[in-house]
Amino acid sequence: MRIYISVDMEGVTGLVDADDVQPGGRDYERGRLMMAEDVNAAIRGAVAAGATEITVNDAHGPMRNLLPESLHPAARLIRGKPKQMLMLEGLAPEHDAAVFVGYHSRAGALGVLSHSFMGHEIEDMWLDGRAVGEIGLAHATAAAIGVPVTVLTGDDCACTEMTEWDASVTTVAVKYARDRFTADLRPAEEARAAIENAVAASLSAPPKVPVVAAAPATLTVRWQSASVASTLLGIPGVTLADTRTVQAQGTVPGLYRLFGVWMRVAASLTNQPPYC
């Protein structure tokens, strides 16, 4: 059984502020260790369920937050950037299931550290007209690749967003949002035990392979800057919905990869790196 784990940071146990998740922040070093403990709990759950191969993708910000020596030895780590497939780098049809650890809610939600990929630069996103953030877009891409998402961990808002997108995914709330930078924290040992148990239980039976429509999908992104939208028109297949909103059609994995290009262009124009 081959398991893929994508690990973000804003939804990790105990973390609530930019200083917890951004390199150079006063609590970042502690935050990256907390990140490792959450993913190690997921790895232990996968091992308990019989996983023979586990791939972990460091999916947050610079994508080199996880210290290799802090990771459970049963897993291989994909670390660094750029990554053509962003938060899903290395995911392949050969994987039997995907687990999302430390994810957060989309831009506009009142979840802990909520945003969509680029902090304040992305105002909103839609996939086939359905509001989407990092959770929905990653889930849809994994499904299109043929890999079911079985567990997501994060704050309660992230869990609700996942359930609204796909109610079959098991969610584990490790904290409860009181505002964007405030949370009621679940005790760390309790949260990690819940992650381990949820992953083990979700993998105890073969996950169902998702059925995905063959028709092309449409990805739409509204930026804060009209300059970003105008510049992206130079990419073949990109059209304007309004002065700040671009869209493109294609397969969902192809759109996910294309979106990574959009983010790199936006970063060059706004001097704001992709965040995730």
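Modeller: The model is a predicted one. We may begin with Thr55, whose relative accessibility is 11%.

Colleague: Why does Thr55 count as buried?

Modeller: Buried means under 20% relative accessible area. Thr55 has 11% relative accessibility, and therefore counts as buried. The residue is found in strand S2.

Colleague: What does Thr55 touch, not counting residues up to four places away in sequence?

Modeller: Thr55 touches Ile3, Tyr4, Ile5, Arg76, Ile78 and His95. Each is called a contact because heavy atoms lie within 4.5 Å.

Colleague: In which sense do S2 and S3 pair, and what makes them a pair?

Modeller: Two strands pair if DSSP finds at least two bridges between them.

Colleague: In what order do the strands of the open sheet lie?

Modeller: The order is S3-S2-S1-S4-S7-S8-S9, seven strands with mixed pairing. Strand S3 (75-78) and strand S9 (182-185) are the edge strands, as each pairs on one side only. From one strand to the next, the twist averages 25°.

Colleague: Which helix packs on the sheet, and what does it touch?

Modeller: Helix H3, residues 134-145, packs there, touching strand S4 (97-103) and strand S7 (149-155). The direction of H3 makes about 170° with that of S4.

Colleague: What is the volume of the largest pocket, and which residues are the closest to its centre?

Modeller: The volume is about 320 Å³. Of the 18 residues lining this pocket, Asp128, Val212, Ala213, Ala217 and Val252 are the closest to the centre.

Colleague: Which helix gives the most to the lining of the largest pocket?

Modeller: H3 does, with four residues. H3 and helix H7 (252-270) each supply at least two residues of the lining.

Colleague: How do the residues of the lining divide into nonpolar, polar and charged?

Modeller: The lining of the largest pocket has 13 nonpolar, three polar and two charged residues. Asp counts as charged and Val and Ala as nonpolar.

Colleague: Where is Gly250 found, and with which residues is it in contact beyond four places in sequence?

Modeller: Gly250 is found in strand S12, residues 245-250. Neighbours within four places aside, Gly250 is in contact with Pro216, Ala217 and Leu255. Between Gly250 and Gly237, 13 residues apart in sequence, the C-alpha to C-alpha distance is 9.2 Å.

Conventions. Residues numbered from 1 in each chain as written. Predicted model: local features only at pLDDT ≥ 70, side-chain atom pairs only at ≥ 80, totals over all residues. Heavy atoms only, no water. Axes fitted to C-alpha atoms, helices over the stretch in contact; angles between N-to-C directions. 1 Å grid on protein atoms, 1.4 Å probe; cavity = no way out; pocket = protein on both sides within 12 Å on 5 of 7 lines; lining within 4 Å. Points joined across faces, edges and corners; volume = space filled by probe spheres on them. Buried < 20%, exposed > 50% of the residue type's maximum accessible area, 1.4 Å probe, protein only.
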